[in-house]
Amino acid sequence: MLFKKPKYVLISLIIWRLISVYIVQTSHVPDEYWQSLEVAHNLAFNYGHLTWEWKSMIRSYIYPFLISVLYKILATLNLDSVNMLTTIPRIFQAALSGYADYRFYLWTKNKLTVFCLAINWYWYYCATRTLTNTLETSLTIIALSVFPWRKNKRNTSNDTKFLWILGFICAIRPTIIIPWIPLCLYHIFSSTKSIILLFFQYTGIVIFTLTYSTIIDTYCYGELIITPLEFFRLNIINNIADFYGKHHLLWYFFVGLPVISGLFAIYLPFVGYEIIKNYRNLTKQLVCLVSILWTIFIYSLLEHKEFRFLLPILPMIIYICTCTPFTNNLMSNKFKKLLIGILILTNILPGIYFSVIHQRGPLDTVKFLEDKLTVENLDKHDIMYLTPCHAFPLYSHIHKNITIKFLTCEPNLHYINNYTDEADEFFQNPSNWLDDNYKNLSLPSLLIVYDNIVNRISGFLKNYKPIVKLFNSHFPQNNYGHYIIVYERIN
Ligand SMILES: *[C@@H]1O[C@H](CO)[C@@H](O)[C@H](O)[C@H]1NC(C)=O
């Protein structure tokens, strides 16, 4: 058998993730560019755009800093083409995700479990993205694989390796602590070490983590800054996140979980019942179940909900769904082939659709623009996106220092009454907005719009001719469209 040796499992999983760098050609969320590549680009090449999070200094530079080191190396080797700048970070992320899948295999020692994780469409869709949530998820899996589970009363392992990894992930984004709280409590209560010793270990790791993260942030921001403090001050006290979308209280149960975990969402309650009934024999599963439910509970209380927030607990969901006696029985009877078939189908179909078709417009558009802007015509061009804010990646995917404008959507940081952001103001009355804003200004040479807005700005578009129309999505959200159209000014 091919998978007899762990080495081959590792190689296959890494290859599986590397292939997906090329299969996944769509955008998921703005953060995969705006919180990583754009910031790294700005750091490495001294031009670019930083969103308000970076101006308010609430984000840690660790992740963009690491990417910017890659960028600097590429620039030194004269290899800083757009293709390299966008692909190399994804290749690194893919290798890390593949390694994490392998650690998951070593931890669970169950081929079905690792197969379910490898084939899960949402993890496939995200595993190579430069999203903090992706990095968090791979590192969470690795930390889980070194987590000191109590084997029996005498044989206890007291390894704190997982805490170093956890410290690193928390430094990048403090909210990852939520799923880890039950695990840390389990660690503290099941450990044979004295509480004093544990206290010093935890405190030591926290201090060490804060030290290096503060050094990196201070270096990148150019002033002494402790980003977790700023983050909590702004997000928790001011409730800024509410600004970006509100969902129903039970959204994670009825939409989030079924979408990212597919059939497991239906299966989970049965497994949960079994775990609670047999909790003495299924301690690991029980702790994971508590962590999953606790995380969903806390996230449900926050107004701002997204699929990707569930990503770090997805491996645990797959673990408890596939590593119980109930599943073993199910898998040893005649339905096994049918179940595996359904599992593959329900993941492959959405996987291909979302990786190749849905929301492929933004990346195709920036590719088109990058080809169009040559060294010779560069100073003749400037770009304006009349689209919802952050819908397109910016300098990281164009890598040329030209003027790029877009409609902004900063939250109400200055407590203005009846605040509407620029993008909302534009979409309320596009032609008025253009009249007001472009009365005395020269018109941008390249204009990017979604097709649904074209009729509402036809007057303004008289100065332009369409040069390309690119497919975006069959199901566009508000203010987005089926197609993206690039217009060029008629001189
Ligand atoms: C980029 O362009 C702007 C505006 O033309 C200029 O001020 C800035 O110095 C340029 N930056 C770099 C790194 O070339």
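# Loop residues, aromatic pairs and a mixed sheet

Asn 418 has a relative accessibility of 77% and therefore counts as exposed. Here exposed means over 50% relative accessible area, buried under 20%, and partly exposed in between, computed with a 1.4 Å probe on protein chains only. The model is predicted, so local features need pLDDT of at least 70 and side-chain atom pairs count only at pLDDT 80 or more, while totals for chains, interfaces and linings use all residues. Residues are numbered from 1 along each chain as its sequence is written, and side-chain values use heavy atoms, with hydrogens and water left out.

**Two asparagines with positive phi**

Asn 418 sits in the loop between β2 and α20 (422–428). Helices (H or I, at least four residues) and strands (E, at least two) are DSSP runs, numbered from the N terminus. Although Asn 418 is not a glycine, its phi is positive, at about 50°. Most residues other than glycine have a negative phi. Asn 46 also has a positive phi, near 65°, and is a residue other than glycine. Its place is the loop between α2 (31–45) and α3 (52–55). With 68% relative accessibility, Asn 46 counts as exposed.

**Aromatic pairs**

Across the whole structure, a search finds 41 aromatic pairs. Rings of Phe, Tyr and Trp (its six-membered ring) pair if their centres lie within 6.5 Å; planes under 30 degrees apart count as stacked, over 60 as edge-to-face and the rest as tilted. In the pair of Trp 149 and Tyr 186, the ring centres are 5.4 Å apart and the planes lie at 45°, which makes the pair tilted. Trp 149 is in the loop between α8 (132–145) and α9 (161–172), whereas Tyr 186 is in helix α10 (residues 177–190); the pair ties together parts that are 37 residues apart in sequence.

| Residue | Relative accessibility | Class |
|---|---|---|
| Phe 65 | 22% | partly exposed |
| Tyr 219 | 60% | exposed |
| Trp 149 | 5% | buried |
| Tyr 186 | 16% | buried |

Trp 149 and Tyr 186 also belong to one aromatic cluster, together with Phe 104, Trp 107, Phe 147, Phe 162, Trp 180 and Tyr 319.

**The sheet and its covering helix**

An open sheet is formed by 5 strands in the order β2-β1-β3-β5-β4, with mixed pairing. Two strands pair if DSSP finds at least two bridges between them. At the edges are β2 (404–406) and β4 (464–471), each of which pairs on one side only. Direction ignored, neighbouring strands of this sheet are turned by 20° against each other on average.

Strand β3 (residues 446–450) is mostly covered, with 5 of its 5 residues buried. From β3, Leu 446, Ile 448 and Tyr 450 point one way, while Leu 447 and Val 449 point the other way. Strand β1 (residues 383–386) pairs with β3 in the parallel sense over 4 bridges, and Tyr 385 stands opposite Ile 448 in β3. The pairing of β3 with strand β5 (residues 483–489) is antiparallel, over 5 bridges; here Leu 447 stands opposite Tyr 487 in β5.

Helix α19 (residues 361–372) lies across β1, β3, β4 and β5, and runs at about 25° to β5. Axes are lines fitted to C-alpha atoms, for helices over the stretch in contact, and angles run from 0 to 180 degrees between N-to-C directions.

**A helix pair**

Helices α13 (residues 251–261) and α14 (residues 264–277) pack at an angle of about 105°, and their axes are 8 Å apart. This angle makes α13 roughly perpendicular to α14, a class that covers 65 to 115 degrees. Leu 257, Pro 258 and Ser 261 of α13 meet Phe 264, Ala 265 and Leu 268 of α14, where contact means heavy atoms within 4.5 Å. By class, this contact of α13 with α14 has 5 nonpolar residues, 1 polar residue and no charged residues. Ala, Val, Leu, Ile, Met, Phe, Trp, Tyr, Cys and Pro count as nonpolar, Asp, Glu, Lys and Arg as charged, and the others, Gly among them, as polar.

Key: Angles under 35 degrees count as roughly parallel, over 145 as roughly antiparallel, 65 to 115 as roughly perpendicular and the rest as oblique.
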